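Hi,

Here is the structure I promised to pass on. My notes on the helices and the sheet follow below.

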Amino acid sequence: MLQIQKTSANRVEIDFSGKLDAIDMLTGLDELIAVSENISNGRMLYKISEISIPTLGALGVELSRLPQLFSLLGKFDKCAVLSDSAWLRTAANIEGALFPGIDIKSFEFDEVDNANAWLEAV
């Protein structure tokens, strides 16, 4: 399941669980790009639970959209990642160190209040 929702003028929330196939990935990325179109100084809350490795088709779709995804990063200043998986939290923190211009911080899945507070802090 992949749900993407714009919750305010500069905030997007993504809920992801399970396994993605190519159609889910294509639909989700199109929706993310569309809802992020007019965002600046954005905040993103990314909730990931019970994840399975995406299909090869889904990974292919993601790779084909990399240019759009990199331009999307410029619209967001902060991204909080909530996950029940330690390795995903570690990966998110590494990505935060690798991508300039966006702060990415991971939280335990049940730390929603802490993640929201961090996103709202200036």
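A definition to begin with: axes are lines fitted to C-alpha atoms, for helices over the stretch in contact, and angles run from 0 to 180 degrees between N-to-C directions. Helices (H or I, at least four residues) and strands (E, at least two) are DSSP runs, numbered from the N terminus.

Bear in mind that this is a predicted model, where local features need pLDDT of at least 70, side-chain atom pairs count only at pLDDT 80 or more, and totals for chains, interfaces and linings use all residues. Residues are numbered from 1 along each chain as its sequence is written, and side-chain values use heavy atoms, with hydrogens and water left out.

Now the helix pair: H2 (residues 56–64) and H3 (residues 66–73) cross at roughly 60°, their axes coming within 5 Å. Glu-62, Leu-63 and Ser-64 of H2 meet Leu-66, Pro-67 and Leu-69 of H3 (contact means heavy atoms within 4.5 Å).

On to the sheet, which is open and has five strands in the order E1-E2-E3-E4-E5, with mixed pairing (two strands pair if DSSP finds at least two bridges between them). E1 (2–8) and E5 (103–108) are the edge strands with a single partner each, so one side of each lacks a neighbour in the sheet. From one strand to the next, the twist averages 15°. H1 (residues 22–35) packs on this sheet, touching E1, E2 and E3 (42–51), and its direction makes about 10° with that of E1.

In H1, Met-25, Gly-28, Leu-29, Leu-32 and Val-35 are buried (under 20% relative accessible area, 1.4 Å probe, protein chains only). They pack against E1, E2, E3, H2 and H3.

Cheers

Technical notes:
Buried < 20%, exposed > 50% of the residue type's maximum accessible area, 1.4 Å probe, protein only.
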